[in-house]
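Subject: Structure for you to look at

Hello,

Here is the structure I said I would pass on. My notes on it follow below.

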Amino acid sequence: PKTDIVFLKVHKSASSTVMNILFRFGDIHNLTFAFPARGGNQLSYPRHFLATFVKGFSPRSPQRFNILCHHMRFLQPEVQKVVSSSAIYFSILRNPVQLMESSFAYYKGTSAFSHAHSLEEFLSQPYRYYNPKHSDSHYARNLMTFDFGFNPDAEVSAERLQLMLKAIEASFDLLLISEYFDESMVLLKETLCWDLDNVISFPLNIRDNSTKSSLSDTIMEKIKDWNRLDWEIYTHFNRTFWERIDRDIGRERMQQEVKALRERQAELARTCLQGMGSVAPKDIKDSSLQPLQHGSAKILGYNLNQGLDKETERMCRRLVTPELQYSSALYKKQFAQKHP
């Protein structure tokens, strides 16, 4: 099994669920994480990543960390200073149309979105609301492009796109697609040589449907135009994703793998979860499992079944612990005061 991993956590792309998978694997195998030196949950995002953002990194005695997965703006030469040269790099992409709809709800408080009553209104005159000079403007345009380290306001030329796609391909071993999450997990399992249980998950940081809005075709086209760089990245890697499946696994075996994954997930849901699914924030009984609520989104969570034996309870709890709580538990574990 591969234990050296860089995950570029792209915003609003099922990346919190993927992060839980990495947290659990690292937790069970006592791996080290590259935590933000300044505390919090982001590696000095939205600045480009620097090795010095990582707690415990020192240029004089470069310590390598097993897993780098907290939010960062990608800059590979700096990333290479904190992980092993054999690390596997991967990320996950999402259709920019859904991504923007989600960002608008989640980052409603940002400078670009706060004065627009609706996404429609924002898109009718984006430059009335959007100012690229504002420090939080990246949430409103080409967010994936930004997270990969590129300029979200660059002109869209064939040449630039080629360079961007080539750079991403050169840096990353695997790009997953959140719309095909189960297939993505099978690919991840194969790439990392992990077991099925390592990539099972329950969706984390997801919104209640009441805060999702449906989009007209016109709006969808406007979103694609406004996020043209993201759209090009997404369509390119959606294509190579399926090419890779055809090349490495084949559709038939992929179907069997996905079936096995879903059956195991259902089995774990029966074991672990009250009602076998997610619940509204107000219905979460255990406050330590309460996810962060943000913007106008209602973020769902879980209740664990009562009366589980210790070992099962521990496994179930790992599966549903929200990102912030899990991150701080791992932080405490990694930096526990070492007594002489």
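In the charge count used here, Lys and Arg are taken as positive and Asp and Glu as negative, while His and the chain ends are left out. Counted that way, the protein has 43 positive and 38 negative side chains. The centres of these two sets lie 6 Å apart. Please keep in mind that this is a predicted model.

On the overall shape: the radius of gyration is 20 Å, and a compact globule with 340 residues would have one near 20 Å, so the two agree. Along the principal axes, the C-alpha atoms fill a box of roughly 55 × 50 × 45 Å. The protein contains 13 helices and 4 strands.

Of the 340 residues, 54% count as buried. In soluble globular proteins, nonpolar side chains tend to be buried together.

The largest nonpolar core here has 109 residues, and Leu68 and Phe122 touch the most other members. Helix α10, residues 228-248, gives the most to this core, with 8 residues.

What is Phe122 in contact with, leaving aside its neighbours within four places in sequence? The partners are Met100, Phe104, Ala112, Phe113, Ala116, Tyr129, Tyr130, Ala140 and Trp226.

Regards

Terms used:
Residues numbered from 1 in each chain as written. Predicted model: local features only at pLDDT ≥ 70, side-chain atom pairs only at ≥ 80, totals over all residues. Heavy atoms only, no water. Core = buried A, V, L, I, M, F, W, Y, C linked by side-chain atoms within 4.5 Å. Buried < 20%, exposed > 50% of the residue type's maximum accessible area, 1.4 Å probe, protein only. Helix = DSSP H or I, 4+ residues; strand = E, 2+ residues; numbered from the N terminus. Contact = heavy atoms within 4.5 Å. Rg over C-alpha atoms; globule rule 2.2 N^0.38 Å. Charge placed at Lys NZ, Arg CZ, Asp CG, Glu CD.
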